[in-house]
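Subject: Structure handover

Hello,

Here is the structure I said I would pass on. My notes on what was found in it follow below.

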Amino acid sequence: MSERNEKLFDVIICGGGPAGSTCALALADSGLKVAVIEKQKFPRDKVCGDAIAAYVHKVLNTINPKFKDALSEFKEKVMVDTCRIVAPNANAFDITFSQSGFISTRVSWDNFLYELASVQNNITYFLNHAVTEVIIDSTKCETIVQTEHTSFKGKIVIGCDGAHSIINKKIVGTKPDLNHYSGAVRAYYKNVTGIPDRTFELHFIKGLSPGYFWIFPLKDNLANVGLGALSASISKQKLNLRKIFEDAIHNVSYLKERFKDAEQIGQLEGFGLPLGSRKVVMSGDNFMLCGDAASLIDPLSGEGIGQAMVSGRYAGWQAKKCFDQNNFTGTFMKQYDKLVYDKFWARHRKNYLIQQMIGKREWLLNGVVNLTSRNRFIKDLLMRALN
Ligand SMILES: Cc1cc2nc3c(=O)[nH]c(=O)nc-3n(C[C@H](O)[C@H](O)[C@H](O)COP(=O)(O)OP(=O)(O)OC[C@H]3O[C@@H](n4cnc5c(N)ncnc54)[C@H](O)[C@@H]3O)c2cc1C
C-alpha cells in the first residue's frame, strides 16, 4: 500500500461551493492555516436555479468590504427585482422587491467565490480531492480528513460538501425525511420569448404541488428553466419530474407558445434539496456543518445559496473564536447553531406552513392570485410582508 501524504492545517473545510468558499473568506486574515478540499475543479457546474438573494452583498460586506466591491465588479449576472407569480389558472401578479437579487450560472458564481478565496494567503484549495473519510478524536482535539492519497490533520473540520455530504454521513448521519426534502430538474434554454425585464417567474402548474415551474433570465438570451416538488409528493403521487417538465413546455397553453422557438442547451438534470423546515444536528466536538450539508434550504422558494453563504460565514467566525478561546467542544460550537437558526428558523417554518397550505389547496392559490392581481390594497400588504 502506498504511503499517505500528510498535511497539517488548523481548519479543514470540505467542499468549495458557496458555503465552503464563504467560510474560507470569513477566515481570511485570521492567522489560521485553512485547507479547502474540493472533489471537482473550477469552473464547475452545480444543478441549480441560479437565483441569488439580494442579501449576499451584505454577507460579503460584513466579511470584508473589498469582497463586496469585487461583487459589484462581477459582470456575469442579470439583476432581478420582480417576481411574477402565475397561478394554475394562469392568472398572475408581480411582486417588486426593494432590493435586487440576481441570476448567475453556478459555473460563473461558484468560480467567482473560488477566485476570491483562493488568492488569500492563509487559504489553500486542494482541487480534484474527494473526501472519503473523516475521523474526530476529541480527546486529542484532532480531526483527520482523508482523500485517496492524502490525510489532512487539523483541529476543526467544517462540512460544506452539499446535499450528499460525506462529513454529515460519517459524523452525524442525518436521515433523509421526504417531508423535508425536495427534488428538482433544470435545463438551460435559448430564445424563450416573453421574459419580462428584471423578472423571475414562478408558475404553479396543475399536478405539481407543493412545487413550482420556474423561468429565470440569464445573460445572452439564455434562461434557466426548471421545476421542483416536495419529495413526499413525488413519492406518494409517483410524479415523474422530467415528464411533467416536458409536458409543461409542450402542452401548457400559455407556456408552449413561449417555448415554440426555444432551443435547449445541454441536458435536463436533477438534484436533491435538503430543506430547512426541520432542525438537524449542525455541530459537535471539533466540527460544524454548513449549507446543504446542514439542511438549510428555504422550504417554499428552494433558495439555499444565501443560506449556504451565511452559515459558511458564521462557521468561519466560530472557528476563529474556538482558536482564540482554545475551546473546540460541542457545547461551545452550539453558538454557531444559534446564530444560524436565529437567522433562518422562523422564516423557514413560516414558509413550510405556506408550502403545506398551498400544496394541498390549488383553489386557494388561484383565489389568492385572483384577489391580489385585482386588489391594490392586498397586493401592497403582500409586498410589505415579503420585502
Ligand atoms: C434544481 C435545483 C434548483 C435550485 N435553485 C436554487 C436557486 O435558484 N437559488 C438558490 O439560492 N438555491 C437553489 N438551489 C439550492 C442550492 O443549489 C444549494 O442550496 C446550494 O448549492 C448549497 O450550497 P453548498 O455550498 O452548501 O453546497 P454545494 O453548492 O452543493 O457545494 C458543495 C461542494 O462540495 C463538493 N463536494 C461534495 N462532496 C465532496 C467530497 N466528498 N469531497 C470534496 N468535495 C465534495 C462539491 O463538488 C461542491 O463543490 C437549487 C437546488 C437545486 C437542486
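Cysteine 141 is buried, at a relative accessible area of 18%; buried means under 20% relative accessible area, exposed means over 50%, and partly exposed is in between (1.4 Å probe, protein chains only). The model is predicted, so local features need pLDDT of at least 70 and side-chain atom pairs count only at pLDDT 80 or more, while totals for chains, interfaces and linings use all residues. Residues are numbered from 1 along each chain as its sequence is written, and side-chain values use heavy atoms, with hydrogens and water left out.

Cysteines

A disulfide is a covalent bond between the sulfur atoms of two cysteines. The search of the whole structure, which takes a disulfide as a pair of cysteine sulfur atoms within 2.5 Å, finds zero. For cysteine 141 the closest cysteine sulfur is that of cysteine 322, and at 8.7 Å this is too far for a bond. Cysteine 290 is in no disulfide either; the nearest cysteine sulfur, in cysteine 160, is 3.9 Å away. Cysteine 290 is buried, with 1% relative accessibility.

Nonpolar cores

A nonpolar core here is a set of buried Ala, Val, Leu, Ile, Met, Phe, Trp, Tyr and Cys residues joined through side-chain atoms within 4.5 Å. The largest has 71 residues, of which Ile13, Trp109, Val145 and Ile158 touch the most other members. Helix H9 (residues 305–324) gives the largest share of this core, eight residues. Helices (H or I, at least four residues) and strands (E, at least two) are DSSP runs, numbered from the N terminus. Apart from this core lies another, of 23 residues, among them Ile215, Ile234, Leu239 and Phe259.

What does isoleucine 158 contact, leaving aside its neighbours within four places in sequence? With contact taken as heavy atoms within 4.5 Å, the list is Val11, Ile12, Ile13, Cys14, Cys23, Met288, Cys290, Ala315 and Ala319. The buried cysteine 290 is thus one of the contacts of isoleucine 158.

Aromatic rings

A pair of aromatic rings is described by the distance of the centres and the angle of the planes. Rings of Phe, Tyr and Trp (its six-membered ring) pair if their centres lie within 6.5 Å; planes under 30 degrees apart count as stacked, over 60 as edge-to-face and the rest as tilted. The whole structure holds 21 aromatic pairs. One of them, phenylalanine 42 with tyrosine 114, is stacked, at 4.5 Å centre to centre and 15° between the planes. This pair links distant parts of the chain, 72 residues apart: phenylalanine 42 is in the loop between strand S3 (34–37) and strand S4 (51–52), and tyrosine 114 is in helix H4 (residues 106–118). Phenylalanine 42 is buried at 11%, and tyrosine 114 is buried at 17%.

Phenylalanine 200 and phenylalanine 216 form an edge-to-face pair, because their ring centres are 5.8 Å apart and their planes are at 80°. Phenylalanine 200 is in strand S13 (residues 199–203) and phenylalanine 216 in strand S14 (residues 211–217), 16 residues apart. Both belong to a cluster in which ring pairs link Phe97, Phe200, Phe204, Tyr212, Trp214 and Phe216.

Two charges also sit over rings, meaning that NZ of Lys or CZ of Arg is within 6 Å of the ring centre and within 35 degrees of the ring normal. Lysine 33 lies over the face of phenylalanine 9, at 4.8 Å from the ring centre. Arginine 313 has its charged end over the ring of tyrosine 314, 4.7 Å from the centre.

Backbone

Most residues other than glycine have a negative phi, and most peptide bonds are trans. The bond from phenylalanine 42 to proline 43 is cis, with omega near -5°. Aspartate 29, not a glycine, has a positive phi of about 65°; aspartate 29 lies in the loop between helix H1 (18–26) and S3 and is exposed at 63%.

Sheet

Six strands form an open sheet of mixed pairing, in the order S7-S3-S2-S11-S18-S17; two strands pair if DSSP finds at least two bridges between them. Strand S7 (123–126) and strand S17 (283–284) are at the edges with a single partner strand each, so one side of each has no neighbour in the sheet. S3 and S7 run parallel and are joined by four bridges. Isoleucine 37 stands opposite phenylalanine 126 in S7.

Regards
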